[in-house]
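I opened this notebook to record what I looked up.

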Protein chains: 2
Amino acid sequence: MIMDKLYRNALDKSPVCVGLDTRYGYLPQYLKDGDMSLEDKLLEFNTRIIDATADIAGCFKVQIACYEALGLAGLRAFARTVAYARGKGAVVISDVKRGDISSTAAEYAQGHFTGDFETDIMTVNAYMGEDAVSPYYPYLERGKGLFVLVKTSNASSVDFQDKRTEAGALYEEVASAVSRWGAPYIGESGYSAIGAVVGCTYPEQFDVIRKLMPNTFFLIPGYGAQGGTGKDIAQFFRHGICGVVNSSRGIITAHKGKAEGADFAEHARAAVVRMKEDIAAWL
Amino acid sequence: MIMDKLYRNALDKSPVCVGLDTRYGYLPQYLKDGDMSLEDKLLEFNTRIIDATADIAGCFKVQIACYEALGLAGLRAFARTVAYARGKGAVVISDVKRGDISSTAAEYAQGHFTGDFETDIMTVNAYMGEDAVSPYYPYLERGKGLFVLVKTSNASSVDFQDKRTEAGALYEEVASAVSRWGAPYIGESGYSAIGAVVGCTYPEQFDVIRKLMPNTFFLIPGYGAQGGTGKDIAQFFRHGICGVVNSSRGIITAHKGKAEGADFAEHARAAVVRMKEDIAAWL
(Lines give C-alpha, C1' and ligand atoms only; values in the text may rest on other atoms or scores of the structure.)
Protein backbone atom coordinates (compact mmCIF):
# COMPACT_ATOMS: atom_id res chain seq x y z
CA MET A 1 0.00 0.00 0.00
CA ILE A 2 1.44 3.31 -1.13
CA MET A 3 0.87 5.24 2.10
CA ASP A 4 2.66 2.47 4.04
CA LYS A 5 5.60 2.85 1.67
CA LEU A 6 5.55 6.63 2.02
CA TYR A 7 5.48 6.33 5.81
CA ARG A 8 8.47 3.94 5.73
CA ASN A 9 10.30 6.36 3.42
CA ALA A 10 9.58 9.22 5.83
CA LEU A 11 11.16 7.20 8.65
CA ASP A 12 14.04 5.60 6.73
CA LYS A 13 15.04 8.40 4.35
CA SER A 14 13.44 11.61 5.62
CA PRO A 15 10.04 13.31 5.73
CA VAL A 16 11.28 15.70 3.04
CA CYS A 17 9.12 15.89 -0.08
CA VAL A 18 11.04 17.45 -2.96
CA GLY A 19 8.67 19.69 -4.89
CA LEU A 20 9.42 19.73 -8.61
CA ASP A 21 7.57 22.98 -9.37
CA THR A 22 9.97 23.51 -12.21
CA ARG A 23 9.85 26.84 -14.00
CA TYR A 24 12.08 27.77 -16.92
CA GLY A 25 13.68 30.57 -14.90
CA TYR A 26 14.96 28.04 -12.37
CA LEU A 27 17.17 26.28 -14.89
CA PRO A 28 20.93 26.79 -14.54
CA GLN A 29 22.59 28.71 -17.34
CA TYR A 30 24.20 25.68 -18.99
CA LEU A 31 20.73 24.24 -19.60
CA LYS A 32 19.21 27.51 -20.81
CA ASP A 33 22.14 27.91 -23.22
CA GLY A 34 22.02 24.33 -24.43
CA ASP A 35 20.39 23.29 -27.68
CA MET A 36 17.98 20.76 -26.19
CA SER A 37 14.23 21.22 -26.64
CA LEU A 38 12.28 22.89 -23.84
CA GLU A 39 10.85 19.49 -22.94
CA ASP A 40 14.30 17.93 -22.68
CA LYS A 41 15.69 20.83 -20.66
CA LEU A 42 12.92 20.54 -18.07
CA LEU A 43 13.37 16.79 -17.94
CA GLU A 44 17.14 17.11 -17.58
CA PHE A 45 16.73 19.57 -14.72
CA ASN A 46 14.27 17.29 -12.93
CA THR A 47 16.11 14.02 -13.45
CA ARG A 48 19.37 15.49 -12.14
CA ILE A 49 17.57 16.66 -9.00
CA ILE A 50 15.84 13.28 -8.63
CA ASP A 51 19.18 11.47 -9.02
CA ALA A 52 20.84 13.76 -6.47
CA THR A 53 18.15 13.43 -3.80
CA ALA A 54 16.28 10.12 -4.23
CA ASP A 55 18.23 8.34 -1.48
CA ILE A 56 17.46 10.98 1.16
CA ALA A 57 14.03 12.31 0.11
CA GLY A 58 10.84 10.61 1.25
CA CYS A 59 9.08 11.41 -1.99
CA PHE A 60 8.74 13.79 -4.92
CA LYS A 61 5.80 16.07 -5.64
CA VAL A 62 5.36 17.24 -9.20
CA GLN A 63 3.21 20.37 -9.55
CA ILE A 64 1.41 19.92 -12.87
CA ALA A 65 0.52 23.64 -13.17
CA CYS A 66 4.14 24.53 -13.93
CA TYR A 67 4.08 22.12 -16.87
CA GLU A 68 0.54 22.91 -18.01
CA ALA A 69 1.72 26.53 -18.23
CA LEU A 70 4.09 25.46 -21.02
CA GLY A 71 1.47 23.60 -23.02
CA LEU A 72 1.99 20.23 -24.64
CA ALA A 73 5.80 20.33 -24.39
CA GLY A 74 5.47 21.02 -20.69
CA LEU A 75 3.08 18.13 -20.20
CA ARG A 76 5.40 15.78 -22.06
CA ALA A 77 8.13 16.79 -19.59
CA PHE A 78 5.67 16.26 -16.73
CA ALA A 79 4.81 12.74 -17.92
CA ARG A 80 8.46 11.81 -18.35
CA THR A 81 9.43 13.28 -14.96
CA VAL A 82 6.76 11.28 -13.12
CA ALA A 83 7.73 8.12 -15.00
CA TYR A 84 11.44 8.65 -14.32
CA ALA A 85 11.01 9.11 -10.57
CA ARG A 86 8.66 6.11 -10.32
CA GLY A 87 11.10 4.07 -12.38
CA LYS A 88 13.71 4.73 -9.70
CA GLY A 89 11.34 3.36 -7.08
CA ALA A 90 10.47 6.75 -5.60
CA VAL A 91 7.00 7.62 -4.38
CA VAL A 92 5.54 10.31 -6.60
CA ILE A 93 2.74 12.69 -5.75
CA SER A 94 1.14 14.42 -8.72
CA ASP A 95 -0.04 17.73 -7.34
CA VAL A 96 -3.03 18.26 -9.60
CA LYS A 97 -5.74 19.29 -7.09
CA ARG A 98 -8.46 18.01 -9.40
CA GLY A 99 -12.08 18.07 -8.29
CA ASP A 100 -15.22 17.45 -10.32
CA ILE A 101 -18.51 15.52 -10.39
CA SER A 102 -18.28 11.74 -10.30
CA SER A 103 -18.35 10.95 -14.02
CA THR A 104 -15.66 13.57 -14.58
CA ALA A 105 -13.60 12.56 -11.54
CA ALA A 106 -13.49 9.06 -13.02
CA GLU A 107 -11.80 10.56 -16.07
CA TYR A 108 -9.21 12.35 -13.93
CA ALA A 109 -8.58 9.12 -12.01
CA GLN A 110 -7.98 7.29 -15.27
CA GLY A 111 -5.75 10.11 -16.49
CA HIS A 112 -3.45 10.16 -13.47
CA PHE A 113 -3.57 6.57 -12.22
CA THR A 114 -3.08 4.93 -15.65
CA GLY A 115 -1.45 5.76 -18.96
CA ASP A 116 0.96 8.57 -19.86
CA PHE A 117 0.63 10.41 -16.54
CA GLU A 118 0.46 7.39 -14.21
CA THR A 119 1.44 8.42 -10.69
CA ASP A 120 1.31 6.97 -7.17
CA ILE A 121 -0.69 9.62 -5.35
CA MET A 122 -2.87 12.51 -6.56
CA THR A 123 -3.93 15.62 -4.69
CA VAL A 124 -7.68 16.23 -4.83
CA ASN A 125 -10.01 19.14 -4.00
CA ALA A 126 -13.18 18.04 -2.18
CA TYR A 127 -15.22 21.28 -2.34
CA MET A 128 -17.77 19.38 -4.46
CA GLY A 129 -18.24 16.65 -1.82
CA GLU A 130 -17.72 12.93 -1.60
CA ASP A 131 -18.89 11.99 -5.10
CA ALA A 132 -16.00 14.11 -6.39
CA VAL A 133 -13.63 11.82 -4.46
CA SER A 134 -15.26 8.37 -4.49
CA PRO A 135 -14.40 7.63 -8.16
CA TYR A 136 -10.78 7.36 -7.01
CA TYR A 137 -11.57 4.66 -4.43
CA PRO A 138 -11.28 1.66 -6.81
CA TYR A 139 -7.70 2.74 -7.53
CA LEU A 140 -6.83 2.77 -3.82
CA GLU A 141 -7.41 -0.97 -3.76
CA ARG A 142 -4.87 -1.24 -6.58
CA GLY A 143 -2.16 0.56 -4.62
CA LYS A 144 -2.81 4.21 -5.40
CA GLY A 145 -3.30 7.03 -2.90
CA LEU A 146 -4.86 10.46 -2.46
CA PHE A 147 -4.13 13.62 -0.53
CA VAL A 148 -7.32 15.64 -0.08
CA LEU A 149 -7.08 19.39 0.62
CA VAL A 150 -8.16 20.14 4.19
CA LYS A 151 -6.36 23.28 5.38
CA THR A 152 -4.10 24.79 2.77
CA SER A 153 -0.91 26.77 3.38
CA ASN A 154 -1.83 30.04 1.67
CA ALA A 155 -2.90 33.26 3.38
CA SER A 156 -6.37 33.22 1.78
CA SER A 157 -7.11 29.72 3.05
CA VAL A 158 -8.92 31.53 5.89
CA ASP A 159 -11.47 32.95 3.41
CA PHE A 160 -13.65 29.83 3.32
CA GLN A 161 -11.79 27.02 5.11
CA ASP A 162 -11.97 28.90 8.43
CA LYS A 163 -15.67 29.77 8.18
CA ARG A 164 -17.40 28.86 11.44
CA THR A 165 -19.84 25.97 11.14
CA GLU A 166 -21.80 23.93 13.65
CA ALA A 167 -18.90 21.48 14.08
CA GLY A 168 -16.25 24.20 14.39
CA ALA A 169 -14.69 25.40 11.18
CA LEU A 170 -15.16 24.24 7.61
CA TYR A 171 -11.70 22.65 7.58
CA GLU A 172 -12.76 20.56 10.57
CA GLU A 173 -15.83 19.40 8.67
CA VAL A 174 -13.64 18.45 5.73
CA ALA A 175 -11.11 16.79 8.08
CA SER A 176 -13.83 14.61 9.65
CA ALA A 177 -15.25 13.64 6.28
CA VAL A 178 -11.87 12.76 4.80
CA SER A 179 -11.06 10.66 7.86
CA ARG A 180 -14.37 8.81 7.47
CA TRP A 181 -13.87 8.27 3.73
CA GLY A 182 -10.40 6.88 4.41
CA ALA A 183 -11.40 4.42 7.14
CA PRO A 184 -11.82 1.41 4.79
CA TYR A 185 -8.34 1.94 3.34
CA ILE A 186 -6.10 1.82 6.40
CA GLY A 187 -2.88 -0.10 5.81
CA GLU A 188 -0.45 -1.91 8.10
CA SER A 189 1.25 1.35 9.07
CA GLY A 190 -2.04 2.48 10.58
CA TYR A 191 -2.44 5.15 7.91
CA SER A 192 -5.13 5.32 5.27
CA ALA A 193 -4.52 5.48 1.52
CA ILE A 194 -6.53 8.71 1.72
CA GLY A 195 -4.27 11.35 3.22
CA ALA A 196 -4.79 15.07 3.76
CA VAL A 197 -3.09 18.32 2.87
CA VAL A 198 -2.53 20.59 5.88
CA GLY A 199 -0.18 23.56 5.54
CA CYS A 200 2.54 24.03 8.16
CA THR A 201 1.80 27.75 8.08
CA TYR A 202 -1.12 27.02 10.42
CA PRO A 203 0.50 24.89 13.13
CA GLU A 204 -1.95 26.00 15.82
CA GLN A 205 -4.84 24.41 13.91
CA PHE A 206 -3.11 21.08 13.58
CA ASP A 207 -3.88 19.64 17.02
CA VAL A 208 -7.61 19.74 16.34
CA ILE A 209 -7.14 18.33 12.85
CA ARG A 210 -4.93 15.49 14.09
CA LYS A 211 -7.57 14.49 16.66
CA LEU A 212 -10.18 14.34 13.92
CA MET A 213 -7.86 12.33 11.65
CA PRO A 214 -5.89 9.84 13.77
CA ASN A 215 -5.27 7.47 10.85
CA THR A 216 -4.44 10.09 8.27
CA PHE A 217 -1.01 10.71 6.79
CA PHE A 218 -0.34 14.32 5.88
CA LEU A 219 1.17 16.17 2.98
CA ILE A 220 2.44 19.34 4.62
CA PRO A 221 3.21 22.24 2.29
CA GLY A 222 4.39 25.70 3.28
CA TYR A 223 7.91 25.00 4.54
CA GLY A 224 10.64 27.43 3.47
CA ALA A 225 9.65 29.96 0.81
CA GLN A 226 6.09 30.09 2.21
CA GLY A 227 7.33 30.79 5.75
CA GLY A 228 7.04 27.44 7.55
CA THR A 229 9.94 26.37 9.81
CA GLY A 230 11.27 23.28 11.54
CA LYS A 231 9.63 24.52 14.73
CA ASP A 232 6.25 24.52 12.97
CA ILE A 233 6.82 20.98 11.76
CA ALA A 234 7.60 19.90 15.34
CA GLN A 235 3.98 20.72 16.16
CA PHE A 236 2.90 18.19 13.53
CA PHE A 237 5.37 15.47 14.53
CA ARG A 238 4.92 15.73 18.31
CA HIS A 239 3.62 12.18 18.52
CA GLY A 240 5.76 10.80 15.71
CA ILE A 241 6.24 11.34 12.02
CA CYS A 242 2.76 11.50 10.50
CA GLY A 243 3.45 13.13 7.17
CA VAL A 244 5.84 14.44 4.57
CA VAL A 245 6.89 18.07 4.37
CA ASN A 246 7.10 19.67 0.96
CA SER A 247 9.59 22.28 -0.09
CA SER A 248 9.87 23.33 -3.71
CA ARG A 249 11.69 26.61 -4.30
CA GLY A 250 13.88 26.10 -1.20
CA ILE A 251 15.31 22.95 -2.79
CA ILE A 252 15.16 23.28 -6.55
CA THR A 253 16.44 26.87 -6.68
CA ALA A 254 19.17 26.32 -4.05
CA HIS A 255 21.81 26.57 -6.80
CA LYS A 256 20.76 30.10 -7.78
CA GLY A 257 23.70 32.50 -7.62
CA LYS A 258 26.01 29.58 -6.81
CA ALA A 259 26.09 27.08 -9.63
CA GLU A 260 25.09 27.40 -13.26
CA GLY A 261 26.65 24.14 -14.46
CA ALA A 262 25.76 20.46 -14.35
CA ASP A 263 26.71 20.31 -10.65
CA PHE A 264 23.68 22.47 -9.76
CA ALA A 265 21.81 19.51 -8.32
CA GLU A 266 24.33 19.10 -5.51
CA HIS A 267 22.86 22.29 -4.06
CA ALA A 268 19.41 20.68 -4.14
CA ARG A 269 20.86 17.72 -2.26
CA ALA A 270 22.47 20.02 0.31
CA ALA A 271 19.14 21.81 0.77
CA VAL A 272 17.39 18.49 1.44
CA VAL A 273 20.06 17.60 4.01
CA ARG A 274 19.65 20.98 5.72
CA MET A 275 15.87 20.62 5.76
CA LYS A 276 16.09 17.08 7.11
CA GLU A 277 18.39 18.31 9.90
CA ASP A 278 16.20 21.34 10.62
CA ILE A 279 13.18 19.08 11.10
CA ALA A 280 15.14 16.51 13.13
CA ALA A 281 16.55 19.22 15.43
CA TRP A 282 13.06 20.00 16.70
CA LEU A 283 11.88 16.44 17.23
CA MET B 1 -15.28 41.83 -22.95
CA ILE B 2 -15.90 38.11 -23.12
CA MET B 3 -18.86 37.97 -20.74
CA ASP B 4 -20.59 40.72 -22.77
CA LYS B 5 -20.08 38.59 -25.88
CA LEU B 6 -21.38 35.50 -24.11
CA TYR B 7 -24.43 37.39 -22.91
CA ARG B 8 -25.14 38.60 -26.46
CA ASN B 9 -24.70 35.06 -27.76
CA ALA B 10 -27.15 33.79 -25.14
CA LEU B 11 -29.73 36.33 -26.39
CA ASP B 12 -29.03 36.11 -30.12
CA LYS B 13 -28.26 32.41 -30.57
CA SER B 14 -29.44 30.61 -27.45
CA PRO B 15 -28.38 30.09 -23.83
CA VAL B 16 -27.35 26.55 -24.77
CA CYS B 17 -23.77 25.63 -23.91
CA VAL B 18 -22.66 22.55 -25.83
CA GLY B 19 -20.53 20.42 -23.53
CA LEU B 20 -17.77 18.61 -25.39
CA ASP B 21 -17.12 15.98 -22.70
CA THR B 22 -16.01 13.67 -25.44
CA ARG B 23 -15.34 10.04 -24.51
CA TYR B 24 -14.19 7.42 -26.99
CA GLY B 25 -17.38 5.43 -26.48
CA TYR B 26 -19.44 8.34 -27.78
CA LEU B 27 -17.88 8.20 -31.24
CA PRO B 28 -20.07 6.92 -34.07
CA GLN B 29 -19.02 3.62 -35.58
CA TYR B 30 -17.57 5.10 -38.77
CA LEU B 31 -15.04 7.01 -36.68
CA LYS B 32 -14.20 4.08 -34.43
CA ASP B 33 -13.65 1.92 -37.51
CA GLY B 34 -11.60 4.54 -39.35
CA ASP B 35 -7.82 4.50 -39.48
CA MET B 36 -7.28 7.95 -38.03
CA SER B 37 -5.26 8.38 -34.83
CA LEU B 38 -7.14 8.63 -31.55
CA GLU B 39 -6.32 12.34 -31.49
CA ASP B 40 -7.74 12.89 -34.96
CA LYS B 41 -10.86 10.86 -34.22
CA LEU B 42 -11.66 12.93 -31.15
CA LEU B 43 -10.98 16.13 -33.08
CA GLU B 44 -13.14 15.00 -36.01
CA PHE B 45 -16.01 14.20 -33.64
CA ASN B 46 -15.75 17.58 -31.95
CA THR B 47 -15.29 19.70 -35.06
CA ARG B 48 -18.33 18.12 -36.75
CA ILE B 49 -20.44 18.94 -33.69
CA ILE B 50 -19.03 22.47 -33.54
CA ASP B 51 -19.78 22.97 -37.24
CA ALA B 52 -23.32 21.63 -36.83
CA THR B 53 -24.20 23.77 -33.81
CA ALA B 54 -22.08 26.95 -33.77
CA ASP B 55 -24.83 29.13 -35.25
CA ILE B 56 -27.39 28.18 -32.59
CA ALA B 57 -25.27 27.50 -29.49
CA GLY B 58 -24.27 30.31 -27.14
CA CYS B 59 -20.92 28.70 -26.40
CA PHE B 60 -18.95 25.48 -26.10
CA LYS B 61 -17.58 24.01 -22.90
CA VAL B 62 -14.70 21.58 -23.24
CA GLN B 63 -14.22 19.31 -20.21
CA ILE B 64 -10.48 18.76 -19.99
CA ALA B 65 -10.79 15.67 -17.77
CA CYS B 66 -12.08 13.60 -20.69
CA TYR B 67 -8.94 14.45 -22.64
CA GLU B 68 -6.53 14.23 -19.71
CA ALA B 69 -7.87 10.69 -19.25
CA LEU B 70 -6.35 9.79 -22.62
CA GLY B 71 -2.94 11.24 -21.87
CA LEU B 72 -0.92 13.34 -24.28
CA ALA B 73 -2.94 12.33 -27.36
CA GLY B 74 -6.09 13.40 -25.56
CA LEU B 75 -4.60 16.75 -24.61
CA ARG B 76 -3.50 17.38 -28.18
CA ALA B 77 -7.12 16.82 -29.21
CA PHE B 78 -8.23 19.16 -26.42
CA ALA B 79 -5.89 21.93 -27.58
CA ARG B 80 -6.99 21.57 -31.21
CA THR B 81 -10.68 21.49 -30.25
CA VAL B 82 -10.45 24.70 -28.24
CA ALA B 83 -8.48 26.39 -31.02
CA TYR B 84 -10.93 25.22 -33.69
CA ALA B 85 -14.00 26.54 -31.89
CA ARG B 86 -12.32 29.85 -31.09
CA GLY B 87 -11.18 30.08 -34.71
CA LYS B 88 -14.84 29.97 -35.73
CA GLY B 89 -15.55 32.91 -33.43
CA ALA B 90 -17.30 30.83 -30.77
CA VAL B 91 -16.94 31.52 -27.07
CA VAL B 92 -15.10 28.63 -25.46
CA ILE B 93 -15.15 27.69 -21.79
CA SER B 94 -12.35 25.36 -20.71
CA ASP B 95 -13.85 23.38 -17.86
CA VAL B 96 -10.69 22.78 -15.87
CA LYS B 97 -11.79 23.66 -12.31
CA ARG B 98 -8.23 24.52 -11.33
CA GLY B 99 -7.48 25.91 -7.89
CA ASP B 100 -4.12 26.43 -6.18
CA ILE B 101 -2.02 28.95 -4.27
CA SER B 102 -1.19 32.20 -6.03
CA SER B 103 2.19 31.33 -7.54
CA THR B 104 0.68 28.10 -8.89
CA ALA B 105 -2.56 29.70 -10.03
CA ALA B 106 -0.43 32.09 -12.10
CA GLU B 107 0.94 29.04 -13.92
CA TYR B 108 -2.56 27.70 -14.62
CA ALA B 109 -3.60 31.14 -15.88
CA GLN B 110 -0.64 31.19 -18.26
CA GLY B 111 -1.44 27.63 -19.33
CA HIS B 112 -5.06 28.25 -20.24
CA PHE B 113 -5.09 31.91 -21.24
CA THR B 114 -2.02 31.74 -23.49
CA GLY B 115 -0.21 29.19 -25.62
CA ASP B 116 -1.34 25.74 -26.77
CA PHE B 117 -4.47 25.64 -24.60
CA GLU B 118 -5.55 29.28 -24.95
CA THR B 119 -9.23 29.63 -24.17
CA ASP B 120 -11.75 32.41 -23.49
CA ILE B 121 -13.04 31.43 -20.07
CA MET B 122 -11.78 28.99 -17.43
CA THR B 123 -13.68 27.38 -14.58
CA VAL B 124 -11.98 27.79 -11.21
CA ASN B 125 -12.34 26.25 -7.74
CA ALA B 126 -12.10 28.82 -4.93
CA TYR B 127 -11.87 26.49 -1.90
CA MET B 128 -8.39 27.92 -1.26
CA GLY B 129 -9.65 31.52 -1.13
CA GLU B 130 -9.09 34.71 -3.08
CA ASP B 131 -5.35 34.35 -3.64
CA ALA B 132 -6.17 31.19 -5.62
CA VAL B 133 -8.30 33.35 -7.94
CA SER B 134 -6.60 36.77 -8.05
CA PRO B 135 -3.71 35.62 -10.31
CA TYR B 136 -6.30 35.37 -13.09
CA TYR B 137 -7.38 39.02 -12.70
CA PRO B 138 -4.72 40.53 -15.01
CA TYR B 139 -6.07 38.33 -17.81
CA LEU B 140 -9.60 39.64 -17.29
CA GLU B 141 -8.39 43.05 -18.38
CA ARG B 142 -7.15 41.41 -21.57
CA GLY B 143 -10.55 39.97 -22.43
CA LYS B 144 -10.57 36.65 -20.59
CA GLY B 145 -13.19 35.40 -18.15
CA LEU B 146 -13.74 33.04 -15.22
CA PHE B 147 -16.56 30.93 -13.87
CA VAL B 148 -15.98 30.23 -10.18
CA LEU B 149 -17.68 27.21 -8.56
CA VAL B 150 -20.38 28.36 -6.14
CA LYS B 151 -23.07 25.67 -5.91
CA THR B 152 -22.34 22.64 -8.05
CA SER B 153 -24.89 20.35 -9.69
CA ASN B 154 -23.88 17.03 -8.12
CA ALA B 155 -25.67 15.26 -5.26
CA SER B 156 -22.68 15.54 -2.90
CA SER B 157 -22.49 19.31 -3.33
CA VAL B 158 -24.51 19.42 -0.09
CA ASP B 159 -21.58 17.83 1.82
CA PHE B 160 -19.66 21.08 2.31
CA GLN B 161 -21.28 23.76 0.14
CA ASP B 162 -24.50 23.59 2.20
CA LYS B 163 -22.80 23.73 5.62
CA ARG B 164 -24.48 26.36 7.77
CA THR B 165 -22.31 29.37 8.50
CA GLU B 166 -22.96 32.71 10.14
CA ALA B 167 -24.01 34.25 6.83
CA GLY B 168 -26.26 31.35 5.82
CA ALA B 169 -24.60 28.51 3.94
CA LEU B 170 -21.07 28.13 2.66
CA TYR B 171 -22.22 28.56 -0.94
CA GLU B 172 -23.70 31.93 0.06
CA GLU B 173 -20.33 32.96 1.52
CA VAL B 174 -18.66 31.95 -1.72
CA ALA B 175 -21.36 33.72 -3.76
CA SER B 176 -20.83 36.98 -1.87
CA ALA B 177 -17.07 36.77 -2.21
CA VAL B 178 -17.17 36.01 -5.94
CA SER B 179 -19.57 38.90 -6.48
CA ARG B 180 -17.18 41.21 -4.60
CA TRP B 181 -14.13 39.96 -6.51
CA GLY B 182 -15.95 40.53 -9.79
CA ALA B 183 -17.12 44.08 -9.08
CA PRO B 184 -14.13 45.80 -10.78
CA TYR B 185 -14.69 43.79 -13.98
CA ILE B 186 -18.29 44.61 -14.88
CA GLY B 187 -18.79 45.15 -18.60
CA GLU B 188 -21.36 47.06 -20.66
CA SER B 189 -23.85 44.18 -20.37
CA GLY B 190 -23.87 44.73 -16.62
CA TYR B 191 -22.17 41.40 -16.06
CA SER B 192 -18.73 40.85 -14.59
CA ALA B 193 -15.92 38.94 -16.30
CA ILE B 194 -16.00 36.76 -13.17
CA GLY B 195 -19.03 34.51 -13.45
CA ALA B 196 -20.24 31.68 -11.25
CA VAL B 197 -21.16 28.02 -11.61
CA VAL B 198 -24.56 27.18 -10.10
CA GLY B 199 -26.18 23.85 -10.92
CA CYS B 200 -29.77 23.83 -12.15
CA THR B 201 -30.37 20.78 -9.98
CA TYR B 202 -30.77 23.17 -7.03
CA PRO B 203 -33.24 25.76 -8.41
CA GLU B 204 -34.64 26.59 -4.97
CA GLN B 205 -31.25 27.93 -3.86
CA PHE B 206 -30.90 30.19 -6.85
CA ASP B 207 -33.05 33.11 -5.65
CA VAL B 208 -30.74 33.73 -2.70
CA ILE B 209 -27.66 33.34 -4.86
CA ARG B 210 -28.98 35.74 -7.51
CA LYS B 211 -29.63 38.40 -4.85
CA LEU B 212 -26.06 38.07 -3.63
CA MET B 213 -24.69 38.23 -7.18
CA PRO B 214 -26.75 40.74 -9.18
CA ASN B 215 -23.94 41.39 -11.70
CA THR B 216 -22.86 37.81 -12.16
CA PHE B 217 -23.39 35.73 -15.27
CA PHE B 218 -23.91 32.03 -14.62
CA LEU B 219 -22.68 28.80 -16.07
CA ILE B 220 -25.51 26.43 -15.24
CA PRO B 221 -24.70 22.71 -15.45
CA GLY B 222 -27.00 19.83 -14.64
CA TYR B 223 -29.53 20.03 -17.49
CA GLY B 224 -30.56 16.76 -19.11
CA ALA B 225 -28.54 13.70 -18.08
CA GLN B 226 -28.09 15.13 -14.57
CA GLY B 227 -31.82 15.71 -14.14
CA GLY B 228 -32.30 19.45 -14.70
CA THR B 229 -35.27 20.56 -16.84
CA GLY B 230 -36.54 23.62 -18.69
CA LYS B 231 -38.77 24.32 -15.73
CA ASP B 232 -35.71 24.48 -13.46
CA ILE B 233 -34.02 26.88 -15.86
CA ALA B 234 -37.09 29.13 -15.78
CA GLN B 235 -36.31 29.73 -12.09
CA PHE B 236 -32.92 31.10 -13.13
CA PHE B 237 -34.19 33.20 -16.03
CA ARG B 238 -37.22 34.71 -14.27
CA HIS B 239 -35.83 38.22 -14.61
CA GLY B 240 -34.09 37.65 -17.93
CA ILE B 241 -31.37 35.48 -19.36
CA CYS B 242 -28.50 35.62 -16.88
CA GLY B 243 -26.46 32.61 -17.87
CA VAL B 244 -25.74 29.73 -20.21
CA VAL B 245 -27.04 26.22 -19.62
CA ASN B 246 -24.70 23.34 -20.26
CA SER B 247 -25.70 19.97 -21.61
CA SER B 248 -23.06 17.47 -22.61
CA ARG B 249 -24.30 13.89 -22.95
CA GLY B 250 -27.79 15.07 -23.97
CA ILE B 251 -26.29 16.74 -27.03
CA ILE B 252 -23.15 14.89 -28.03
CA THR B 253 -24.60 11.39 -27.63
CA ALA B 254 -27.94 12.26 -29.28
CA HIS B 255 -26.95 10.16 -32.30
CA LYS B 256 -26.58 6.98 -30.26
CA GLY B 257 -28.72 4.18 -31.66
CA LYS B 258 -29.72 6.43 -34.58
CA ALA B 259 -26.71 7.38 -36.64
CA GLU B 260 -23.27 5.82 -36.88
CA GLY B 261 -22.13 7.71 -39.99
CA ALA B 262 -20.81 11.18 -40.75
CA ASP B 263 -24.32 12.62 -40.40
CA PHE B 264 -24.23 11.94 -36.63
CA ALA B 265 -23.76 15.62 -35.81
CA GLU B 266 -27.20 16.49 -37.18
CA HIS B 267 -28.57 14.75 -34.09
CA ALA B 268 -26.45 17.02 -31.90
CA ARG B 269 -27.92 19.99 -33.73
CA ALA B 270 -31.45 18.68 -33.27
CA ALA B 271 -30.76 18.21 -29.56
CA VAL B 272 -29.62 21.83 -29.27
CA VAL B 273 -32.80 22.98 -31.03
CA ARG B 274 -34.95 20.90 -28.67
CA MET B 275 -33.11 22.23 -25.63
CA LYS B 276 -33.41 25.82 -26.84
CA GLU B 277 -37.16 25.32 -27.33
CA ASP B 278 -37.55 23.58 -23.98
CA ILE B 279 -35.93 26.55 -22.23
CA ALA B 280 -37.87 29.12 -24.28
CA ALA B 281 -41.17 27.38 -23.55
CA TRP B 282 -40.85 28.16 -19.85
CA LEU B 283 -39.78 31.77 -20.19
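Is Gly129(B) buried or exposed? I found Gly129(B) buried, because its relative accessibility is 0%. Here buried means under 20% relative accessible area, exposed over 50% and partly exposed in between, with a 1.4 Å probe and protein chains only.

**Ground rules.** I am reading a predicted model, in which local features need pLDDT of at least 70, side-chain atom pairs count only at pLDDT 80 or more, and totals for chains, interfaces and linings use all residues. Residues are numbered from 1 along each chain as its sequence is written, chains are lettered from A and ligands numbered from 1 in the order in which they are written, and side-chain values use heavy atoms, with hydrogens and water left out.

**Gly129(B), continued.** I placed Gly129(B) in the loop between β4 (121-124) and α7 (137-140) of chain B. Helices (H or I, at least four residues) and strands (E, at least two) are DSSP runs, numbered from the N terminus. I then listed what Gly129(B) touches, leaving out residues up to four places away in sequence: Ser156(A), Asp159(A), Phe160(A) and Trp181(B). Contact means heavy atoms within 4.5 Å. I also checked Val174(B), 45 residues from Gly129(B) along the chain; their C-alpha atoms are 9.0 Å apart.

**The two chains.** How does chain A superpose on chain B, that is, by what rotation and what shift? I got a rotation of 180° with 0.0 Å of shift along its axis, at RMSD 0.0 Å. That is the relation of a two-fold axis. The same surface serves both copies, since 100% of the contact residues of chain A recur in chain B. The superposition is by least squares on the C-alpha atoms of residues with pLDDT of at least 70 in both copies. Within chain A, Thr165(A) comes closest to the rotation axis, at 2.5 Å (C-alpha).

**The barrel of chain B.** I traced a closed barrel of eight strands, β1-β2-β3-β4-β5-β8-β9-β10 (chain B), with parallel pairing. Neighbouring strands of this sheet are turned by 30° against each other on average, direction ignored. Two strands pair if DSSP finds at least two bridges between them. I looked at one pair: β9 (residues 218-220) and β10 (residues 243-247) of chain B are parallel, over three bridges. Phe218(B) stands opposite Gly243(B) in β10(B).

I then turned to α9 (residues 170-182) of chain B, which lies across β5 (145-151) and β8 (194-198) of chain B. It runs at about 160° to β5(B). Axes are lines fitted to C-alpha atoms, for helices over the stretch in contact, and angles run from 0 to 180 degrees between N-to-C directions.

**Helix α13 of chain A.** Which residues of α13(A) are buried? I noted Ala265(A), Ala268(A), Ala271(A), Val272(A), Met275(A) and Ile279(A). They cover an arc of only 105° around the axis, which puts them on the same side of α13(A). The arc is that of the directions from the helix axis to the C-beta atoms. On the other side of α13(A), Glu277(A) and Ala281(A) are exposed. The cover over the buried residues includes β1 (16-19), α3 (38-53) and α11 (230-236) of chain A.

**Lys97(A).** I found Lys97(A) in strand β3 (residues 92-98) of chain A. Its phi is near 45°, a positive value in a residue other than glycine. Lys97(A) is buried, with a relative accessible area of 7%.
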